[in-house]
Amino acid sequence: MSATLYTKQHEWARIEGEIAIVGISAYAAEQLGDIVYADLPEKGATVARGGEIAVVESVKAASEIYAPLSGEVAEINAALEGDPELVNRSPEKEGWFLKIRLSDVGERRHLLSAEDYQRFLQEESA
Amino acid sequence: MSSAAEGAEAIATVLEATPLEALHRSLGAKMTAFAGFHLPLHFRDGILAEHRHTRSHASLFDVSHMGQADLRASASMMERIFPADIQTLPSLPLGGMRYTFLLNEAGGILDDLIIARLGEDCFRIIVNASRKGEDFRHIETLLGKEGSLTPRPDLALLALQGPEAARIVRAHADNEESAIAAMPAMSSAETRLADRRVLLFRSGYTGEDGFEIALSSEDAAPLAETLLRHDALAPAGLGARDSLRLEAGLCLYGSDMDETTSPIEAGLAWSIPKRRREDRAFPGAEIIARQIARGAARRRVGIRALGRIPARRGARLLNEKGQEIGEITSGAVVPDGEGLKAIAMAYLPPSFSKPGCRLRFIARGKAIAAEVAALPFRPSRTHRQPQRTEKP
């Protein structure tokens with residue numbers, strides 16, 4: 001399995017060929033608390049890196065999710081419709097949000113490695 | 001990810017700790033700021049798990065932030081301040097309690113509170129944390145020379161709520177099991193729990209049977225630790241407290257009621273009995289009487305979202321023609337069988353207040369389908385009848 005990369009807005013992406021699987025980090029899921037609804041884009045929608053792609057509603061608040069990479073929505077995680085708490089139980093695996101067919105694989109240079117993301121979280125909380 | 005409403009972690013203000021602060025941290029609490037206090041928002045399993053656990057077993061809440069005070073006044077003086085029936089309220093050993101209001105001259109709600117009668121001229125009041133300073137000053141002014149108020153910041157308050165609450169309390173009652181079993185909802189007793197002196201109230205804010213336990217600050221953490229050894233009992237925070245009370249149809253002061261709201265608009269006329277409506281001895285009585293006779297211009301209603309998008313406080317409400325008719329005063333997402341449902345409360349004109357009335361609320365710029373629902377969303381399971389004690 002390829003490495004999980006992160007944004008400073010707490011999204012993650014795993015790139016496999018031309019496809020990136022996208023979700024929110026375990027840290028983000030914990031901060032949000034129980035997730036009760038995920039408003040996901042339509043399959044086929046065009047997304048631009050840094051643009052809003054989804055909204056998650058937790059028991060506490062609504063939060064926007066931004067595209068870590070540009071491309072076209074290839075698939076959304078249908079399991080979140082009936083079981084949004086899956087994001088809390090398995091944020092970086094089964095609780096993925098969507099898959100993006102990438103328009104520019106080179107954009108991955110903007111993302112953080114797992115180590116850099118952990119360091120970023122420590123700086124944030126310091 | 002960016003959050004529209006970050007948790008209210010206060011940075012600049014100094015927050016008061018309750019006597020259970022260290023215990024909360026050891027239990028993995030995620031803390032938040034509430035009414036000047038540092039309190040658990042939730043523990044390790046999260047708000048929904050704590051909500052479910054309270055409904056199925058029992059939860060322990062730290063509500064030490066609430067304002068307790070002792071009042072010395074005659075029942076007739078108390079009735080000049082509060083619109084409740086105080087005259088017929090029994091004193092300890094099995095004291096009576098009332099849910100009532102502090103009203104302004106316009107019948108607006110300055111606070112909602114509990115009064116427990118301890119003795120002939122002696123009462124304990126429990127008020128909202130955010131209001132206690134103003135409440136106490138206002139009550140002292142109204143009492144004048146005919147009574148006195150003594151704040152009790154030396155006391156903590158625990159709430160033990162849920163279907164297993166009575167079993168847990170009885171297990172720690174020192175030879176007074178039957179006395180506790182005989183306590184109906186809204187009664188109080190002085191007793192000992194796990195060898196600590198407590199004033200026990202059979203009351204709560206969840207719609208479940210349960211107790212609120214007033215005791216000295218030093219005794220609070222040791223008693224909480226003892227109680228939490230029960231497998232059926234888990235700690236719960238303010239998040240679940242809020243969703244449980246909303247599901248039970250109970251108001252949160254500052255959200256679902258304030259000084260621009262009357263008890264009649266809030267659908268709480270039951271708390272002002274006939275004799276009090278007629279004697280009109282309390283502040284705002286004329287306006288209250290007029291609203292009872294003619295009906296209020298708006299009424300508190302339940303709202304059920306028809307999807308799962310939460311209806312949050314401040315969301316505008318539209319009728320089917322798209323006209324604005326009110327706004328959400330508080331909202332929550334609660335368990336619904338295996339799933340979840342979004343519920344809320346609002347004030348609406350009487351023509352839109354019938355259960356089933358279709359409307360929409362605005363969330364993130366979109367109009368979301370909803371309907372008026374009967375309150376409470378879930379029937380109360382408080383302990384109305386004294387329990388029959390089984391003789392061996």
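**Figure 1. Residues 24 or more positions apart account for 58% of the contacts in chain A with a separation of 6 or more.** A contact means heavy atoms within 4.5 Å. This is a predicted model, in which local features need pLDDT of at least 70 and side-chain atom pairs count only at pLDDT 80 or more, while totals for chains, interfaces and linings use all residues; side-chain values use heavy atoms, without hydrogens or water. Residues are numbered from 1 along each chain as its sequence is written, with chains lettered from A and ligands numbered from 1 in the order in which they are written. Buried residues (under 20% relative accessible area; exposed is over 50%, partly exposed in between; 1.4 Å probe, protein chains only) make up 54% of the 126 residues in chain A.

**Figure 2. Chain A has four helices and nine strands.** Helices (H or I, at least four residues) and strands (E, at least two) are DSSP runs, numbered from the N terminus. Read from the N terminus, the order in chain A is β-β-β-α-β-β-β-β-β-α-α-β-α. The radius of gyration of chain A is 13 Å, close to the 14 Å of the globule rule for 126 residues, so chain A is as compact as a globular protein of that length. That radius is taken over C-alpha atoms, and the rule is 2.2 Å times the number of residues to the power 0.38. Along the principal axes, the C-alpha atoms of chain A fill a box of roughly 35 × 35 × 25 Å.

**Figure 3. The surface and charges of chain A.** Chain A exposes about 5,900 Å², with carbon and sulfur atoms supplying 45% of it. Accessible areas come from the Shrake-Rupley method with a 1.4 Å probe; for residues, only the protein chains shown count as cover. Chain A carries 12 positive and 23 negative side chains. Lys and Arg count as positive, Asp and Glu as negative; His and the chain ends are not counted. The centres of the two sets lie 6 Å apart, with each charge placed at NZ of Lys, CZ of Arg, CG of Asp or CD of Glu.

**Figure 4. Chain B comes to ten helices and 21 strands.** A compact globule of 392 residues would have a radius of gyration near 21 Å, and chain B agrees, at 21 Å. Its C-alpha atoms fill a box of roughly 65 × 50 × 50 Å along the principal axes. Of the 392 residues of chain B, 55% are buried. Among contacts in chain B between residues at least 6 apart in sequence, 65% join residues at least 24 apart. The accessible surface of chain B is about 16,900 Å², and 50% of it belongs to carbon and sulfur atoms. Chain B has 51 positive and 49 negative charges, whose mean positions are 6 Å apart.

**Figure 5. Three strands of chain B form an open sheet in the order 2-4-3.** The pairing is mixed. Strand 2 (16–17) and strand 3 (30–34) of chain B are the edge strands, each pairing on one side only. Two strands pair if DSSP finds at least two bridges between them. Strand 2 and strand 4 (residues 37–42) of chain B pair in the parallel sense, over two bridges. B:Ala17 stands opposite B:His38 in strand 4. Strands of a sheet pair through backbone hydrogen bonds, either parallel or antiparallel.

**Figure 6. B:Ile328 sits in strand 18 (residues 324–336) of chain B.** B:Ile328 is buried, at 0% relative accessible area. Residues up to four places away in sequence aside, B:Ile328 touches several residues, including B:Ile303, B:Leu317 and B:Met345. B:Arg312, B:Arg313 and B:Gly314 are also among them. B:Ile328 and B:Ala344 are 16 residues apart in sequence and 6.6 Å apart in space, C-alpha to C-alpha.

**Figure 7. The peptide bonds from B:Leu92 to B:Pro93 and from B:Leu375 to B:Pro376 are cis.** Omega is near 20 degrees for the bond from B:Leu92 to B:Pro93. B:Pro93 lies in the loop between helix 3 (75–81) and strand 7 (95–103) of chain B. Omega is about -5 degrees for the bond joining B:Leu375 and B:Pro376. B:Pro376 lies in the segment after strand 21 (366–373) of chain B.

**Figure 8. B:Ala194 and B:Asp195 have positive phi.** Most residues other than glycine have a negative phi, and most peptide bonds are trans. Phi is near 50 degrees at B:Ala194 and about 70 degrees at B:Asp195. B:Ala194 lies in the loop between strand 12 (187–193) and strand 13 (196–201) of chain B. B:Asp195 lies in the loop between strand 12 and strand 13 too. B:Ala194 is partly exposed, at 24% relative accessibility. B:Asp195 is exposed, at 54%.
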